[in-house]
Amino acid sequence: MKIFCIGRNYVDHAKELNNPIPEQPLVFMKPPTALLRNNDPFYYPDFTQNLHYEVELVLKICKNGKAITKKYASDYFNEIGLGIDFTARDIQDKCKAKGHPWERAKAFDNSACISKFVPIKNYGTDHLSFELLKNDERVQFGNSKDMIFDFETLICSLSKMFTLQKGDLIYTGTPAGVGPCIIGDRLHGKLQGESMFETKIL
Ligand code: ZN
């Protein structure tokens, strides 16, 4: 399975990191070994001094396809979850400055926290609200209506270059409010007010 991640998909987040608004989806990938499931704890890695959380809506692909047109894009996902794109921001800043790839900053073990999945028909896709609480305090809040590239556009764009396979995941980008976490923090993700995951930084 593949894990796609979309960068800068919310205007307010692109601005907070002083990044330009992309003209097409910014894509990077994480390997399957990045997944952190079942509310397992996240162990703070020793290679970073500035670990950031980024909470994101995550689509799960439900059938294989390539060159999918926008009209049929919604047939290719039927479940949605919530995840954290853990980012070693200090390493990412160095990679960006040198024009290097981001894998060392974003694709390391356990960097893709993932929740349970719920059927998309429960909530629809147009106005999905989600939030991240750090130690019971809300630090991020987003809504799918504010995405620069919506779910269908992402499916269409990705499948032009990458065959989508059942079980692939798409992290659809983070809203504003990203920030650091430290050992002892508790991160709690909610979708439409429903608790989706809770992980502790150890
Ligand atoms: Zn992200």
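Biologist: Quick one to start: is Tyr10 buried or exposed?

Modeller: Tyr10 is buried, at a relative accessible area of 1%. Buried here means under 20% relative accessible area, exposed means over 50%, and partly exposed lies in between, using a 1.4 Å probe on protein chains only. Keep in mind that this is a predicted model, where local features need pLDDT of at least 70 and side-chain atom pairs count only at pLDDT 80 or more, while totals for chains, interfaces and linings use all residues. Residues are numbered from 1 along each chain as its sequence is written, and side-chain values use heavy atoms, with hydrogens and water left out.

Biologist: OK. How many aromatic pairs turn up in the whole structure?

Modeller: The search finds 6 aromatic pairs. One of them is Tyr10 with Phe130: the ring centres are 6.4 Å apart and the planes sit at 65°, so the pair counts as edge-to-face. To pair, rings of Phe, Tyr or Trp (its six-membered ring) need centres within 6.5 Å; planes under 30 degrees apart are stacked, over 60 edge-to-face, and the rest tilted.

Biologist: And which parts of the chain does that pair link?

Modeller: Distant ones, 120 residues apart: Tyr10 is in the loop between strand E1 (3-7) and helix H1 (11-16), and Phe130 is in strand E9 (residues 129-134). Those elements are DSSP runs numbered from the N terminus, helices being H or I with at least four residues and strands being E with at least two. Phe130 is buried too, at 1% relative accessibility.

Biologist: What about Phe77 and Phe151, how are those rings arranged?

Modeller: Edge-to-face, with 5.9 Å from centre to centre and 70° between the planes. Phe77 belongs to strand E6 and Phe151 to helix H4 (residues 151-161), so the pair ties together parts 74 residues apart in sequence. Phe77 is buried at 3%, and Phe151 is buried at 1%.

Biologist: Switching to the metal: which residues are the protein donors of the zinc ion?

Modeller: Glu54 (OE), Glu56 (OE) and Asp85 (OD), at 2.0 to 2.1 Å from the zinc ion. Donors are N, O and S atoms within 2.8 Å of the metal (3.2 Å for Na, K and Ca), and water is not among the atoms, so sites may look incomplete. The spacing of the zinc donors along the chain is E-x1-E-x28-D. Glu54 sits in the loop between strand E4 (51-53) and strand E5 (55-61), while Asp85 is in strand E6 (residues 77-85), 31 residues away.

Biologist: Are Glu54 and Asp85 buried or exposed?

Modeller: Both are buried.

Biologist: Now Leu187. Where does Leu187 lie, and what does Leu187 touch?

Modeller: Leu187 is in strand E13 (residues 186-191) and counts as buried because its relative accessibility is 0%. Skipping neighbours within four places in sequence, its contacts (heavy atoms within 4.5 Å) include Tyr53, Phe86, Leu132, Cys181 and Ile201.

Biologist: Which residues have the most contacts inside the largest nonpolar core?

Modeller: Leu57, Ile80, Phe86, Ile155, Tyr171 and Leu191, in a core of 57 residues. A nonpolar core is a set of buried Ala, Val, Leu, Ile, Met, Phe, Trp, Tyr and Cys residues joined through side-chain atoms within 4.5 Å. Beyond its neighbours within four places in sequence, Ile155 contacts Leu59, Tyr76, Phe77 and Leu164, among others.
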